[in-house]
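Open the model in your viewer and keep the selection panel at hand. The stops below say what to pick and what is there.

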Amino acid sequence: MFILKLLSTYLKVNLQQDLAYRADAIVNMVMSIIGTGWDLLGLSIIFANTKEIGGWGPSELIALMGVWRLVNVMMATIVWPNTEKFNTGVRDGSLDYTFLQPVNSQLLISITRIVIWRAFDLAIAVILIIVGMTGGNVVTSPVQIVAFLALTISGAAIIYSLWITLISLTFWFTKFDNSVTIMAALMDAGRYPAQVYPYWLRALITFVIPIAVATTVPLQALRGELVDLQILGFLAIGVAAVIVSSRVWKAGVRRYSGASS
Amino acid sequence: MFAIYKQMWLVNWAEQWQYRANLLMYLAFWLVSPIVYLAVWTTIASAQGNINGLTAPDFVAYYMMLLIVDIATSDITIHIFAYKIMDGSLSNELVLPIHPVLQKVLVNNLAFKALQMLALVPIWLILYVLYQPVFSITAVNVLLAIPAIAFGFLLQFFAGTTITCISFWTTRAWSISDFYSNIFRLMAGQFVPLALLPAFMQTASQLLPFRLALYFPVQLLLGKLSIEETMLNIGLQMVWCVILFMLFRVVWRTGLKKYSAVGA
């Protein structure tokens, strides 16, 4: 209850902040629509030259695009803006005030800055997923849909946990504040099924920066390519990632000594 | 005049050299998408034998060359200048006898580029061993590529600065910059060699300036263009550079009048 109240307060403050740049927000929404059309055009260029890529058809790639955008929405709404805020906080010591609050500090640094209008992208992502799922001629069972949804959420949680871990490392290595950039750079690799990539890139986006776990894997579940044990395994990794990252965060906070000291 | 550029270069070089680790991170931005598209198109090409006559090795050579040209002609003005308009720190630079954009941002861009190139060398060599591209490079093409790349960069630099200057009116210009890079991705050949675009988009890409900044120098280095075509394209580059430079000057002048330094 308290957390909900906190969240709604932050949403309100952030809404007010975003309203200061109305033109930017509106232009951004229009650009999102155009960008989606542009991405679909890209897909149509691919499928004008081939029937399938790595065994995946057009509707599956549309659904993949939706899941990829879903992860991107999380990044754009919470991860990037709060990283910026966090880095400033470490540098000028304003992070002290965050730790003085009687609230879980990890929650607080994750929601201080929320770029509200990005919720609009969420709608586009969901539409793409639905269109992709219904467009194909593959019969999907309810179990596969549930597995898909669960893996999408746990995939996003893994990416979020990686982010928490990376920014926690700033407490040990002050010069580490740009490690998050590597996540942004690798995001593009999530647009296409990981099977297409050479083994080293696939290993990189599965084990190191697990973009593929958040994008390709849920789609594989939807295609019925995963056995139950694999699905449970990925979900377990999701839960483990959340637990481990919050431990790392807490250990990092204990090391924090403020900018001036 | 030249001394100013030289001094600024030294300062910039030293400044950016401090952040070597960050440079590697930023380099990843230029690396990932060409490698992704290379993977996508070679997968399709090897499954079908060829796409419109382009075989898997053709795609490998294309994207390996694109990796170099993309860094050489890209512009990072929005990343290093937009926030100065937003938070008002541009005011400090306006009182200096140096042009904040045409001198400071330009040199900053070049120093960043030079370091990125340096960092690219070992990575490119590893990729070379992995993919074994086959190039047919001639000395003439390399010589012609020097002006082609230089003008390609200037073209993007003036486009980037003009877009960044839109911040004078909207305070933020990121979305417009994203829009530009979206168009660039398809129209300049980052996504796919332009010959594979649908007919209407090919026509559009021929008329628009984007291809001059990337596709043209890449094709030139791959030895796909005749001398006449090359000269024509370099001429077109010059024309577009002048047009975009004029556009930048107009936007800069009217924008400065509009600029009120946030907080003032």
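Select chain B. With 264 residues, a compact globule would have a radius of gyration near 18 Å, and chain B agrees at 19 Å. This is a predicted model. Along its principal axes, the C-alpha trace of chain B spans about 65 × 40 × 35 Å. Colour by secondary structure: chain B shows 13 helices and 0 strands. Of its 264 residues, 43% count as buried. For contacts in chain B with a separation of 6 or more, 80% come from residues 24 or more positions apart.

**Confidence**

Colour chain B by pLDDT. The average is 90, and 97% of the residues score at least 70. Among the elements of chain B, helix α1 (residues 2-17) has the lowest mean, 80, while α12(B) has the highest, 97. Where pLDDT is low, predicted coordinates should not be read in detail. For the model, ipTM is 0.87 and pTM is 0.89.

**Helix α13 of chain B**

Select residues 227-258 of chain B. This is helix α13, with 32 residues. From first C-alpha to last it reaches 46 Å, close to the 46 Å expected at 1.5 Å a residue. Now show side chains. Buried in α13(B) are B:Thr230, B:Asn233, B:Ile234, B:Gln237, B:Trp240, B:Cys241, B:Leu244 and B:Phe248. An α-helix has 3.6 residues a turn, so residues three or four places apart point the same way. What covers the buried residues of α13(B)? The cover includes α7 (139-165), α11 (210-213) and α12 (215-221) of chain B.

**Two loop residues with positive phi**

Go to B:Asn52, in the loop between α2 and α3 (56-73) of chain B. Its phi is near 50°, a positive value in a residue other than glycine. Is B:Asn52 buried or exposed? B:Asn52 counts as exposed because it has 9 C-beta neighbours inside 10 Å.

Next, pick B:Gln132. This residue lies in the loop between α6 (100-131) and α7 of chain B. B:Gln132 is not a glycine, yet its phi is positive, at about 50°. It has 11 C-beta neighbours inside 10 Å, so B:Gln132 counts as exposed.

**Chain A**

Switch to chain A. Its secondary structure comes to 11 helices and 0 strands. The radius of gyration of chain A is 20 Å, close to the 18 Å that the globule rule gives for 261 residues, so chain A is as compact as a globular protein of that length. Its C-alpha atoms fill a box of roughly 60 × 45 × 35 Å, taken along the principal axes. Buried residues make up 36% of the 261 residues in chain A. Of the contacts in chain A between residues at least 6 apart in sequence, 79% join residues at least 24 apart.

Select residues 2-19 of chain A. Helix α1 of chain A has 18 residues and reaches 26 Å from its first C-alpha to its last, close to the 26 Å expected at 1.5 Å a residue. How many residues of α1(A) are buried? The number is 0, so α1(A) lies largely in the open.

For a contrast, centre on A:Ile231. This residue lies in helix α11 (residues 228-255) of chain A. A:Ile231 is buried because 22 other C-beta atoms lie within 10 Å, and the cut-off for that is 20 or more. Leaving aside neighbours within four places in sequence, A:Ile231 is in contact with A:Ala147, A:Leu151, A:Ala221 and A:Leu226. Draw a distance to A:Ala221, 10 residues apart from A:Ile231 along the chain: the C-alpha atoms are separated by 7.5 Å.

**Where the chains meet**

Show both chains. The contact takes 31 residues from chain B and 31 residues from chain A. On the side of chain B that touches chain A, the elements giving two or more residues are α2 (20-48) and α9 (174-187) of chain B. Which gives the most? That is α2(B), with 16 residues. The residues on this side of chain B divide into 21 nonpolar, 8 polar and 2 charged.

**The nonpolar core**

Finish with the largest nonpolar core, which has 132 residues. Select A:Trp163, B:Val40, B:Met65 and B:Leu155, the members that touch the most other members. Then zoom in on B:Val40. Not counting residues up to four places away in sequence, B:Val40 touches A:Ile46, A:Ile53, A:Tyr192 and A:Val196. In soluble globular proteins, nonpolar side chains tend to be buried together.

Note on methods
Residues are numbered from 1 along each chain as its sequence is written. Chains are lettered from A and ligands numbered from 1 in the order in which they are written. A nonpolar core is a set of buried Ala, Val, Leu, Ile, Met, Phe, Trp, Tyr and Cys residues joined through C-beta atoms within 7 Å. A residue is buried if 20 or more other C-beta atoms lie within 10 Å of its own, exposed if 12 or fewer, and partly exposed in between; C-beta atoms are placed from the backbone. Two residues are in contact if their C-beta atoms, placed from the backbone, lie within 7 Å. Helices (H or I, at least four residues) and strands (E, at least two) are DSSP runs, numbered from the N terminus. The radius of gyration is taken over C-alpha atoms; the globule rule is 2.2 Å times the number of residues to the power 0.38. Ala, Val, Leu, Ile, Met, Phe, Trp, Tyr, Cys and Pro count as nonpolar, Asp, Glu, Lys and Arg as charged, and the others, Gly among them, as polar. The expected span of a helix is 1.5 Å times one less than its number of residues. pLDDT is the predictor's confidence in each residue, from 0 to 100.
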